[in-house]
Amino acid sequence: MPARRRAAAALCLLAAAGLAPAEARPRAPKSAPATVTVDYGVNLAGLPIGTAHLSGAIEGQRYRMDVSATLTGLVGAITGGMGSARSSGLLSAGPQPNAFAIATRTSNSGIAVRMALSRGNVTQSEVTPPLVDMGDRVPVTAANRRGVMDPASALLMPARAQGDLTDPENCNRTLPVFDGATRFNVVLSYAETRAVEKPGYSGPVLVCNARYQAIAGHRPDRPGVRFMEENRDMSVWLAPVEGTRVLLPMRISVRTTVGTNIIEATRWTRSATAAVPAETAAVASLGAQP
């Protein structure tokens, strides 16, 4: 993978291995507005290459997700890589985003994506700079832009309406993701339940196997695409957020062509917060991002 894309890869791995909408409508949380923040370490082939941070705010059926990643050490010094994303919307059977933006930056380039959505249907999207059309991409159709969620929203998973948050059935689902350029599915299936202890969290987590399915916007003849479609070594650990009916990633593991990329929580913090801002405010704030 080119060095200039590693910041984007760290951020997108955090999102792409994420979570799918539940099949039944969850009950609205009865607790006060809540926020959860998670710090992650990013390792590739056993070597630390960066950090990531997730902040999720939940109030009833409204949510906002902020995700960021920074490459550190020698890789960071060479590339200057970093990225950040924000999404907001409503929680129904699953996240229904209304706004999404992501920006990545290296020492010599940057990429930004902005999308407006109406309950999961894309109404407007922009990629800057525009993708170069090499003539070998699978076209993204209007149907590919409906019933989707962005990568940041995909990290927030409402549990099923009934049962425990760590019910194994909360693993068995398919996530339809559109990142502004490509449409793909992440198919999750239950593997096991583990007990985990981290600063700020002690308890069970769901371990879900993950599979990648390219749908549109990709270049099917690229070796990286074929590698990911055939990859059987991907998983995500999901932990419940106290006082809510949602789960978030505790750990993500994805085998790559240069080693296994592991993004694992180093600290988990759950606290009360002020009301979640309206989606219009989130959209306005995105315009100020680099």
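## Disulfide

Which residue forms a disulfide with C171? The partner is C208, with the two sulfur atoms 1.8 Å apart. The model is a predicted one, and its count of disulfides comes to one. The torsion about the S-S bond of C171 and C208 is about -75 degrees, so the disulfide is left-handed. C171 lies in the loop between β8 (157–158) and β9, while C208 belongs to strand β11, so the bond ties together parts that are 37 residues apart in sequence.

Are the two cysteines buried or exposed? C171 has 0% relative accessibility and therefore counts as buried. C208 is also buried, its relative accessible area being 0%.

## Overall make-up

The protein contains four helices and 14 strands. Of its 290 residues, 49% are buried. Among contacts between residues at least 6 apart in sequence, 60% join residues that are at least 24 apart.

## Nonpolar core

In soluble globular proteins, nonpolar side chains tend to be buried together. Here the largest nonpolar core has 64 residues. The members that touch the most other members are M65, L156, L248, M250 and W268. Strand β11, residues 201–216, gives the most to this core, with eight residues.

Strand β9 (residues 173–178) and strand β10 (residues 183–198) run antiparallel and are joined by six bridges. V177 stands opposite F184 of β10. The hairpin of β9 and β10 has four residues between the strands, and G180 in this hairpin takes a positive phi near 100 degrees.

β10 also pairs with β11, again in the antiparallel sense, over 15 bridges. L188 has A210 in β11 as its bridge partner. Two residues lie between the strands in the hairpin of β10 and β11, where G200 takes a positive phi near 95 degrees.

## Strands β6 and β7

Seven bridges pair strand β6 (residues 110–118) with strand β7 (residues 121–128) in the antiparallel sense. The bridge partner of V113 is V127 in β7. β6 and β7 form a hairpin with two residues between them, and R119 in the turn has a positive phi of about 50 degrees.

A112 is found in strand β6. What does A112 touch, leaving aside residues up to four places away in sequence? The list is I102, A103, E126, V127 and T128. A112 has a relative accessible area of 15%; buried means under 20%, so A112 is buried. The C-alpha atoms of A112 and A85 are 9.5 Å apart in space, with 27 residues separating the two in sequence.

## S55 in strand β2

S55 is found in strand β2, which covers residues 47–59. The relative accessible area of S55 is 19%, and S55 is therefore buried, since the cut-off for buried is under 20%. Not counting residues up to four places away in sequence, S55 touches T35, V36, T37, R64, M65 and D66. Of these contacts, M65 is among the core residues that touch the most other members, and R64 and D66 are linked with R86 in a network of salt bridges.

## Salt bridges

Side chains of opposite charge can pair when their charged atoms come close. How many salt bridges does the structure hold? There are eight. One of them joins K198 and E264, whose closest N and O atoms are 3.0 Å apart. K198 lies in strand β10 and E264 in strand β14 (residues 259–272), so this pair ties together parts that are 66 residues apart in sequence. K198 is partly exposed at 21% relative accessibility, and E264 is partly exposed at 23%.

R255 and D233 also meet through their side chains in a salt bridge, at 3.9 Å from N to O. This pair links distant parts of the chain: R255 is in strand β13 (residues 246–256) and D233 is in the loop between α3 (223–230) and β12 (234–240), 22 residues apart. R255 has a relative accessible area of 32% and is partly exposed; D233 is partly exposed at 36%. The side chains of R194 and E192 form a salt bridge as well, at 3.0 Å from N to O. R194 is partly exposed, with a relative accessible area of 37%, and E192 counts as partly exposed at 31%.

Definitions and conventions. Residues numbered from 1 in each chain as written. Predicted model: local features only at pLDDT ≥ 70, side-chain atom pairs only at ≥ 80, totals over all residues. Heavy atoms only, no water. Core = buried A, V, L, I, M, F, W, Y, C linked by side-chain atoms within 4.5 Å. Buried < 20%, exposed > 50% of the residue type's maximum accessible area, 1.4 Å probe, protein only. Contact = heavy atoms within 4.5 Å. Pairing = 2+ DSSP bridges. Disulfide = S-S within 2.5 Å. Salt bridge = Lys/Arg side-chain N within 4 Å of Asp/Glu carboxyl O.
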